[in-house]
Amino acid sequence: IASGYGFRKRSIGKCIDQQFKTLLKPYIYTGIATTVFHFIIHYSLFGSLHNATYETYKVLGGFALGLPHTAKYFGQEFFSCGPMWYLLALMVGWVLLDVILNIFPERYVPWAVAGCVLLGWGASLVWELPFCLIQGAVVVPYLYIGFLAKKKHLLDEPLPPKVFAGLLAATALIAVGALATRTTDCISLAEWSLGPLSIFLDGAAGLLFIRLFMRLSRGPIVHFLEAVGRRSLNIFCVHTVEIIAIPWYLMVAKFSAQPVLGMWLQYAISLGSIWLVCELLRVRRALIIRFFPAQRRTPAVHYTSRH
């Protein structure tokens, strides 16, 4: 929804080019880094070149296919691309929404968005499509909600009482559906407790929570969440590398007698590494200038006689 708030209709070609530059590049770089670190770490820990190569092949295949969760293709198991599924889904969703806005008249756009959701949900019942196409289809209404929120000032002006009551009812219905079915909605796994209805209810609840957050008084919690938001892309990338490349199950086995200690130690290492790398990425330009100062040369000035 927040991404859709900044959505701007443009030609389909320009939209695809923009998404490739802003989202596909980080995805590719993260996939390469994850694959390399996964091979190095597993070979160093287990000492088997064959096993390290085979397991890393599963990781590389998962990134190449853009799998939101571990799945089998052509009889071969491939691992998920981790949190990077979100970037792929966001990229696909942006392109689909831009296609809809360019093709359909304005009065038919909501119906086209609903049709895109039903198509994605229906495909999830039959087959797990690669490249997060299902996830990209079902996030289109969330992007569209953000697009409408900016266009109709849904976040700036008070909502009509009926609309506000509808958002509250949607949020309550999500909880009722989860309790009744004993399942929760999960886009990456393509699971929704109330089927396609849950997809639209989640969008309404999301809009409500954004409005509530925007009305929070400025404080340390708000500043913390804003700082996380500004670094969200780096956090996604670094978290993907550490959660896939590092065999955390070894720590679980090592601390089997003290699972709570092992869990907190894993969290400390994980969050510490993410914070450290994100800070290095934030100050990378200053570090490059400090340790590799540019060799500035004063150009020679040649004077020519005027007479």
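Which residues does Leu265 touch, not counting residues up to four places away in sequence? Point 2 has the reply, after a word on the ground rules.

1. **Ground rules.** Please keep in mind that this is a predicted model, in which local features need pLDDT of at least 70 and side-chain atom pairs count only at pLDDT 80 or more, while totals for chains, interfaces and linings use all residues. Numbering runs from 1 along each chain as its sequence is written, and side-chain values use heavy atoms, with hydrogens and water left out.

2. **Leu265.** Leaving out residues up to four places away in sequence, Leu265 touches Met251 and Phe255; contact here means heavy atoms within 4.5 Å. Leu265 lies in helix α13. Helices (H or I, at least four residues) are DSSP runs, numbered from the N terminus. Phe255 is 10 residues from Leu265 along the chain, and their C-alpha atoms are separated by 9.7 Å. At 34% relative accessibility, Leu265 is partly exposed. On this scale, buried means under 20% relative accessible area, exposed over 50%, and partly exposed in between (1.4 Å probe, protein chains only).

3. Helix α13 covers residues 259–282, and its 24 residues should span 34 Å at 1.5 Å a residue; the end C-alpha atoms are 34 Å apart, which agrees. The expected span is 1.5 Å times one less than the number of residues. Gly262, Ser270, Ile274, Cys278 and Glu279 are buried in α13. The partners against which the buried residues of α13 pack are α11 (232–245) and α12 (249–254).

4. **Aromatic pairs.** Rings of Phe, Tyr and Trp (its six-membered ring) pair if their centres lie within 6.5 Å; planes under 30 degrees apart are stacked, over 60 edge-to-face, and the rest tilted. By this rule there are 11 aromatic pairs. One of them joins Trp264 and Tyr267, whose ring centres are 6.1 Å apart with planes at 75°, so the pair is edge-to-face. Trp264 and Tyr267 are three residues apart in helix α13, which means that about one helical turn separates them. An α-helix has 3.6 residues a turn, so residues three or four places apart point the same way. Trp264 is exposed at 56% relative accessibility, and Tyr267 is partly exposed at 44%. Elsewhere, ring pairs link Phe7, Trp94, Tyr144 and Phe147 into a cluster.

5. **A charge over a ring.** Have a look at Lys150, which lies over the face of Tyr5 at 5.9 Å from the ring centre. The rule asks for NZ of Lys or CZ of Arg within 6 Å of the ring centre and within 35 degrees of the ring normal.

6. **The nonpolar cores.** A nonpolar core is a set of buried Ala, Val, Leu, Ile, Met, Phe, Trp, Tyr and Cys residues joined through side-chain atoms within 4.5 Å. The largest has 29 residues, and Phe63, Met84, Leu97, Ile100 and Val113 have the most contacts inside it. Two or more residues each come from α2 (12–46), α3, α4 (85–103), α5 (109–126), α7 (140–151) and α11. Helix α4 gives the most to this core, with 10 residues. Beyond its neighbours within four places in sequence, Leu97 is in contact with Phe7, Val113, Val140, Leu143 and Tyr144. A second, separate core of nine residues includes Leu159, Ala170, Leu201 and Ala204.

7. Thr34 is found in helix α2 and is buried, at 0% relative accessibility.

8. **Positive phi.** Most residues other than glycine have a negative phi. His153, in the loop between α7 and α8 (161–181), has a positive phi near 55°. Arg182, in the loop between α8 and α9 (196–214), has a positive phi of about 55°. His153 is partly exposed at 39%, and Arg182 is exposed at 80%.
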